[in-house]
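The following exercises are meant to be worked through with the sequence and the model side by side. Try each task before reading its solution.

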Amino acid sequence: MSDSIHATVPETIAANVQHLANSAQRGCGCSYEIYQDTFSQRVDALLATTEDSTAKAAILNVAREFDYVTRAELEAMREDWMDDGSCRHGFDPECCPLGCGDL
């Protein structure tokens, strides 16, 4: 791989992760918890389609800057929320924008 192409790979990864973050932010309803969940799911989907381990490491490195969490970290956060009486999205169930209080 030429130096010029190799130099653009991290820039491309950063741009792709930035796009995922922007997209997740637009659909989160101003909720950090929903943003983090949506963004992390989108990063996981990107990682699932990436075979190069160097690219995966770069994606994760950039994604952490946008508050990426693993599925295990998210599940631990959800358990903490639910132990405190919140819904799985981190809200009082009656105030959840995703309708947990309606279930």
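Two residues are said to be in contact when they have heavy atoms within 4.5 Å of each other. The model used here is a predicted one.

**Exercise 1. Describe the overall make-up of the chain in terms of its helices and strands, and state what share of its residues is buried.**

Solution. Begin with the count, which gives 4 helices and 0 strands, so that the pattern read along the sequence is α-α-α-α, by the DSSP runs that define these elements. Then turn to burial: of the 103 residues of the chain, 31% count as buried. Finally, look at the contacts with a separation of 6 or more, of which 45% are accounted for by residues 24 or more positions apart.

**Exercise 2. Work out how the axes of α2 and α3 are oriented relative to each other, and which residues make the contact.**

Solution. The axes of α2 and helix α3, which covers residues 53-65, come within 10 Å and cross at roughly 170°. Angles over 145 degrees count as roughly antiparallel, and α2 and α3 are therefore roughly antiparallel to each other. The contact is made by F39, V43, L46 and L47 on the side of α2, and by K56, I59, L60 and A63 on the side of α3. Sorted by type, the residues of this contact comprise 7 nonpolar, no polar and 1 charged.

**Exercise 3. Check the span of helix α4, and find where its buried and its exposed residues lie.**

Solution. Helix α4 has 13 residues, 71-83, and at 1.5 Å a residue it should span 18 Å, which agrees with its end C-alpha atoms being 18 Å apart. Next, pick out the buried residues of α4, which are L74, R78 and W81. Seen down the axis of α4, its buried residues fall within an arc of 60°, so they line one face of the helix. An α-helix has 3.6 residues a turn, so residues three or four places apart point the same way. The face of α4 turned away from the buried side carries the exposed residues A72, E79 and D83, while what covers the buried residues includes α2 (32-48). Just after α4, G85 takes a positive phi of about 95°.

**Exercise 4. Decide whether H89 is buried or exposed, and list its contacts beyond its neighbours within four places in sequence.**

Solution. First locate H89, which is found in the segment after α4. Buried means under 20% relative accessible area, and H89, at 12% relative accessibility, therefore counts as buried. Leaving aside its neighbours within four places in sequence, H89 is in contact with E33, W81, C96, L98 and C100.

Technical notes: Residues numbered from 1 in each chain as written. Predicted model: local features only at pLDDT ≥ 70, side-chain atom pairs only at ≥ 80, totals over all residues. Heavy atoms only, no water. Helix = DSSP H or I, 4+ residues; strand = E, 2+ residues; numbered from the N terminus. Expected span 1.5 Å × (residues − 1). Buried < 20%, exposed > 50% of the residue type's maximum accessible area, 1.4 Å probe, protein only. Arc of directions from axis to C-beta. Axes fitted to C-alpha atoms, helices over the stretch in contact; angles between N-to-C directions. Parallel < 35°, antiparallel > 145°, perpendicular 65-115°, else oblique. Nonpolar A, V, L, I, M, F, W, Y, C, P; charged D, E, K, R; others polar.
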